[in-house]
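I opened the model today to look up a few positions and the elements around them. My notes follow in the order I took them.

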Amino acid sequence: MPHSYEVLASEELYSGRVISLRRDTVAMPGGGDSVREVVRHPGAVGVVALDDEDRVVLLRQYRHPVGQYLWELPAGLRDAAGEPPLETARRELAEEALLSAQRWSLLATPYSTPGFCDEKVLVYLAEGLTDAPRPDGFTVEHEELDMTLERVPLADAVQMVFSGEVRNALAVIGLLAAAQVRAGSPRLRPVEAE
């Protein structure tokens, strides 16, 4: 019978706009207990937007925690109450890349840093791209004012992963998964899966 890691005590240490932090005391399988700090996160979505020429939409955005610009996919927080993740992905693609897509597939659902954070990211493939307006009420601000957008051949974007130019984990996963979809026919889960 597997050990269940029972939470013996839990204390909220911080609650912010996006994340919260709690300290859990957890029973360990060999006996005793251990303290774990857990970052709670609402989750996120990412979009590998591929055009008809097999070019992927990449954004270059400044990320303060690492102090540098990163190549990323259109992405965003699942912070709109009750919004299904696919709708979040559609909204983010319009907000950040001014695009909509006719076809959507779910590529992957990784936990970004499960050693200390519960953030789950749903990574979608968007195809059949067309221009779209920004959603009503959306305002470009902060780092997004400085964000640039490029369409890069998928094979070149994959090489950017291996050359260290793409370091955002969501982008790495999405680009490699999209390349595998193009190279073969993996069985993808339904787009509504979580």
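I began with Gly115, which I found in the loop between β8 and β9. The model is a predicted one, and I read it as such. Is Gly115 buried or exposed? Its relative accessibility is 73%, so I logged Gly115 as exposed. I then took the separation from Gly115 to Ala177, C-alpha to C-alpha, and got 23 Å. Along the chain these two are 62 residues apart.

Next, the sheet. I traced 4 strands in an open sheet, ordered β7-β4-β9-β8, with mixed pairing. Which strands stand at the edges? They are β7 (75–77) and β8 (99–108). Each has a single partner strand, so one side of each has no neighbour in the sheet. From one strand to the next I noted an average twist of 25°.

I looked at one pairing in more detail. Strand β4 (residues 44–49) runs parallel to strand β9 (residues 121–131), and 6 bridges join the pair. Within it I found Ala49 opposite Ala126 of β9. Then I checked what packs on the sheet. Helix α1 (residues 85–97) does, with β4, β7, β8 and β9 touched by it. The direction of α1 makes about 130° with that of β8. Helix α3 (residues 169–183) also lies across β4, β7, β8 and β9. I noted an angle of about 65° between α3 and β9.

I stayed with α3. How far apart are its end C-alpha atoms? They are 21 Å apart. At 1.5 Å a residue, 15 residues should span 21 Å, so the two values agree. I listed the buried residues of α3: Leu170, Ala171, Gly174, Leu175, Ala177, Ala178 and Val181. Looking down the axis of α3, I saw these fall within an arc of 170°, so they line one face of the helix. At the start of α3, I found a side-chain oxygen of Asn168 within 3.0 Å of the backbone nitrogen of Leu170.

Last entry: Thr25. I placed Thr25 in strand β2 (residues 20–27). Why does Thr25 count as buried? Its relative accessibility is 19%, and the cut-off for buried is under 20%. Setting aside neighbours within four places in sequence, I listed the contacts of Thr25 as Glu6, Val7, Leu8, Ala9, Asp33, Ser34 and Val35.

Note on methods:
Residues numbered from 1 in each chain as written. Predicted model: local features only at pLDDT ≥ 70, side-chain atom pairs only at ≥ 80, totals over all residues. Heavy atoms only, no water. Helix = DSSP H or I, 4+ residues; strand = E, 2+ residues; numbered from the N terminus. Buried < 20%, exposed > 50% of the residue type's maximum accessible area, 1.4 Å probe, protein only. Contact = heavy atoms within 4.5 Å. Pairing = 2+ DSSP bridges. Axes fitted to C-alpha atoms, helices over the stretch in contact; angles between N-to-C directions. Expected span 1.5 Å × (residues − 1). Arc of directions from axis to C-beta. Polar contact = N/O pair within 3.5 Å; in protein donor to acceptor, adjacent residues only side chain to side chain.
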